[in-house]
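Keep the 3D view open while you read.

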Amino acid sequence: MHIHIHMHIHIHMHIHAPAGIPASHGSPGSCCSPCPAGPSGSCCPCPAGPERAGSPSRRAYGGIPQLRDAGGGAAGSPSRCITAPRARRAPVTPGATTAPRARGGLNRAGRRMGVAPLPLPRKVAPARMEELPVVVLLLLLLSLLLVPLVFLLKRRRDRRTPPFSLLVVAGSGGHTTEILRLLSCLSESYSPRHYVLADSDKMSEAKIRSFEQKRAETFSESQFSLERIPRSREVRQSWSSSVVTTLYSMLYSLPLTYKLKPDLILCNGPGTCVPVCLSAFLLGLLQIKRTIIVYVESICRVETLSLSGKILYYFSDYFIVQWPDLKKKYPKSVYLGRIV
Amino acid sequence: MKSVFVTVGTTSFEELIATARSPPALQALQSRGYQKLVLQVGRGSLPQPSRCSALAVEAFRFKDSLAEDLQSADLVISHAGAGSCLETLEKGKPLIVVINDKLMDNHQLELAKQLHRDGCVLYCDCSTLVETLQSMDLSALKPFPPGQPEKFASFLDKVLGLQ
């Protein structure tokens with residue numbers, strides 16, 4: 001059994017150059033070679049038509065030097081078309097040919113119709129150039145829809161079992177005192193505790209060590225560590241420089257959070273907590289580790305939130321306030337009364 | 001010996017230290033029967049110990065724990081830091097909170113105001129400290145109920161499914 005397949009492929013190319021877009025020069029299939037109207041002119045189609053007397057239409061395509069001085073005049077109509085034999089004469093309005101090819105120089109026909117298949121390499125896709133942005137947009141939208149779907153499907157059911165590792169952000173002064181109080185009643189299920197301190201913090205380490213020492217008296221399995229990162233913002237530092245220093249701190253907090261992969265982050269407002277929490281949030285988005293971020297606003301904050309609080313209100317899983325006024329202003333927060 | 005303890009926590013609060021050491025302040029304290037003034041200056045400049053106008057003045061920067069100094073004080077004058085305030089109130093000591101109006105958005109004022117509203121502290125700023133010392137009535141101060149960290153622990157346990 002013999003099967004013979006004969007295929008005849010005719011490629012008809014309709015090249016539409018939108019007004020104002022110069023086609024390439026001298027290349028097969030393009031209209032202008034070069035474009036006598038100048039770089040701003042549009043080249044296609046050939047308005048004069050190939051049959052025009054003296055027109056360069058009979059010339060072979062690709063490089064028509066004579067066109068350069070055909071700047072006007074009857075013969076020199078801006079016929080920059082790479083014409084092929086048997087090109088149909090395109091309808092032309094009288095004045096159009098001598099006018100410089102500016103935008104909108106396309107004539108009504110706008111196409112080279114009825115062109116016989118040219119032995120041209122396929123250079124231009126048949127899509128309209130106007131349609132390209134729409135296609136790109138559709139692809140973008142589609143991918144946007146697909147991405148969350150992928151994440152949903154990949155979502156692991158994080159079955160959390162004790163012990164839970166804890167990352168505690170220790171700030172300067174009262175922040176550390178407060179956070180240690182918060183930790184004071186936690187059971188032994190919260191271990192190990194990794195304390196993250198700003199490198200310029202001198203006081204917190206002593207307080208933490210004495211707290212852990214006391215804890216070790218009750219819970220034998222007590223484990224803790226101390227980590228240092230650059231301070232993300234000094235007291236009274238300007239807003240704009242704070243962004244820079246916070247980003248710098250993230251260069252440290254991101255690998256640190258990645259290394260520790262805590263189950264829980266606890267912080268209460270010092271600038272140090274912003275890069276740490278954002279790092280954990282990022283790791284959660286990337287499905288590397290889903291950390292529960294717990295933010296407890298300092299007891300100092302009665303009516304307004306700290307800057308860290310205002311930022312982390314949107315990034316934390318649980319946002320705890322200690323005064324009823326704040327609960328009213330920030331309804332998504334949790335109010336447990338005074339807890340330090 | 002009745003003593004006054006001035007604390008600025010881990011901050012620097014030059015104005016408070018200067019005001020507390022000023023002759024009018026010392027006079028006001030003396031007239032109330034105080035004989036010793038202890039200044040914890042934090043990151044600020046350390047004044048020389050001296051004996052001006054019948055009050056013994058001591059100063060230091062930091063200690064690992066201020067518990068002892070707070071315990072032995074009869075009056076505490078503090079910046080509005082949470083740690084300082086809470087530690088003092090938990091020891092049941094009379095407290096005058098002094099606001100540092102050079103701080104960013106002066107959030108410390110909120111806590112001082114609230115504690116004052118609850119009747120637990122007296123509060124003022126450096127310019128009105130002397131006045132406060134002269135007119136204070138410490139017996140009118142109410143005790144400050146402690147916070148309950150066990151509520152926080154219980155909340156976390158619920159969140160993590162331990163309860």
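Predicted model: local features only at pLDDT ≥ 70, side-chain atom pairs only at ≥ 80, totals over all residues.

Residues are numbered from 1 along each chain as its sequence is written, chains are lettered from A and ligands numbered from 1 in the order in which they are written, and side-chain values use heavy atoms, with hydrogens and water left out.

**Where the chains touch**

Chain B puts 36 residues into the contact and chain A puts in 40 residues; contact here means heavy atoms within 4.5 Å. About 3300 Å² is buried between chain B and chain A, and carbon and sulfur atoms give 68% of that. Buried area is the accessible area (1.4 Å probe) that two parts lose on being put together, summed over both.

How many salt bridges cross the interface of chain B and chain A? The rule finds 3, a salt bridge being a side-chain nitrogen of Lys or Arg within 4 Å of a carboxyl oxygen of Asp or Glu. Glu90(B) and Arg181(A) meet in a salt bridge through their side chains, at 2.5 Å, N to O. On chain B's side, the elements giving two or more residues are helix 4 (82–90), helix 5 (108–117) and helix 7 (149–159). Helix 7 of chain B gives the largest share, 9 residues. Helices (H or I, at least four residues) and strands (E, at least two) are DSSP runs, numbered from the N terminus.

**A tucked-in serine**

Ser306(A) sits in the loop between strand 5 (292–296) and helix 6 (307–312) of chain A. Is Ser306(A) buried or exposed? Ser306(A) is buried, because its relative accessible area is 9%; buried means under 20%, exposed over 50%, and partly exposed in between (1.4 Å probe, protein chains only).

**Rings in pairs**

Over all chains, the structure holds 10 aromatic pairs. Rings of Phe, Tyr and Trp (its six-membered ring) pair if their centres lie within 6.5 Å; planes under 30 degrees apart count as stacked, over 60 as edge-to-face and the rest as tilted.

| Pair | Centres | Planes | Type |
|---|---|---|---|
| Tyr313(A) and Tyr330(A) | 5.2 Å apart | 70° | edge-to-face |
| Phe5(B) and Phe60(B) | 6.4 Å apart | 20° | stacked |

Phe5(B) lies in strand 1 and Phe60(B) in strand 4 of chain B, so this pair ties together parts 55 residues apart in sequence.
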